[in-house]
Amino acid sequence: MITVLYFARLRESLGQGSEQIALPATVRNLEALRALLAARGGAWRDELAHDKRVRAAVNQAIAGGDSPIADGDEVAFFPPVTGG
Amino acid sequence: MTVRIQTADFDVGAEIAALRRGNRKIGAVASFIGTVRDVNEGDAVTEMTLEHYPGMTEKAIEDIVGQARARWDIYDALVIHRVGTLRPTDQIVLVVVAGGHRGEAFAACEFIMDYLKTRAPFWKKERTGKGLRWVEARETDDIAAERWRLKG
């Protein structure tokens, strides 16, 4: 299982802040996870489709699409940041 | 190095005094305070709520301050960032850098702020006469952070 967190606009449009996902054997990196979630359709496709401006982190460090994902990881998806 | 994420306001004078206390090597202290404006994108803003990613936010800012310390000869740095609901004129963020001379202190303070704006996981939601909206990231913030790479 991995933990997936959603923040800010994504948390609101997806209707949840976190979930546990059992990783299918085919999902081994961030881009594959994003595609898996976008395939749920509706708001998931709208927020997580390949062409959307979404940032991601694996185990609390900014990560790119080819970053590996393994059981026990904490993955987060969120919009570009706007602090300061 | 101190990094704090908090809902409470902060006292700039007290924070700077604490950072300087007893350190006789310090010859320059640079600080930046970010505050809530009453206007954004042409609309009056009455309130703003800041959300963050607990755990990652602290790590991201500690990493940014670590990069500043590797780049410039500074003695200490402090970053305080508020979360929760804030109103126009409220303080949002404080960055303080202490060094031997002003050049390093100014540069490191600006670097920390530019990197924080583009790399630390905070999100602002503001209330205007049109309702609530998430603040969109600005391209100018990416450009401001990027120029530090070019400076080498």
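Which hand, left-handed or right-handed, does the crossing of H2(B) and H3(B) have? In this predicted model, the crossing of these two helices is right-handed.

Two packed helices are described by the angle between their axes and the distance between the axes. In chain B, the axes of helix H2 (residues 56–71) and helix H3 (residues 102–119) come within 9 Å and cross at roughly 150°. Since angles over 145 degrees count as roughly antiparallel, H2(B) and H3(B) are therefore roughly antiparallel to each other. From H2(B), the residues that meet the partner helix are Ala60(B), Ile61(B), Ile64(B), Val65(B) and Ala68(B), and they face Ala108(B), Phe111(B), Ile112(B), Tyr115(B), Leu116(B) and Arg119(B) in H3(B). Sorted by class, this contact has 10 nonpolar residues and 1 charged residue, with no polar ones.

Between the chains, the contact takes 14 residues from chain A and 22 residues from chain B. On the side of chain A that touches chain B, the elements giving two or more residues are helix H1 (8–14) and strand S5 (74–78) of chain A, and the residues of that side divide into 9 nonpolar, 4 polar and 1 charged.

Helix H1 of chain A also contains Ala8(A), which has a positive phi of about 55° although it is not a glycine. Ala8(A) counts as buried because it has 23 C-beta neighbours inside 10 Å, where 20 or more are needed. In chain B, Thr89(B) is another residue other than glycine with a positive phi, here near 85°. Thr89(B) lies in the loop between strand S6 (84–86) and strand S7 (91–99) of chain B, and Thr89(B) is exposed, with 9 other C-beta atoms within 10 Å.

Notes: Residues are numbered from 1 along each chain as its sequence is written. Chains are lettered from A and ligands numbered from 1 in the order in which they are written. This is a predicted model: local features need pLDDT of at least 70, side-chain atom pairs count only at pLDDT 80 or more; totals for chains, interfaces and linings use all residues. Axes are lines fitted to C-alpha atoms, for helices over the stretch in contact, and angles run from 0 to 180 degrees between N-to-C directions. Helices (H or I, at least four residues) and strands (E, at least two) are DSSP runs, numbered from the N terminus. Angles under 35 degrees count as roughly parallel, over 145 as roughly antiparallel, 65 to 115 as roughly perpendicular and the rest as oblique. A crossing is left-handed if the near helix is turned anticlockwise from the far one by less than a right angle, and right-handed if clockwise. Two residues are in contact if their C-beta atoms, placed from the backbone, lie within 7 Å. Ala, Val, Leu, Ile, Met, Phe, Trp, Tyr, Cys and Pro count as nonpolar, Asp, Glu, Lys and Arg as charged, and the others, Gly among them, as polar. A residue is buried if 20 or more other C-beta atoms lie within 10 Å of its own, exposed if 12 or fewer, and partly exposed in between; C-beta atoms are placed from the backbone.
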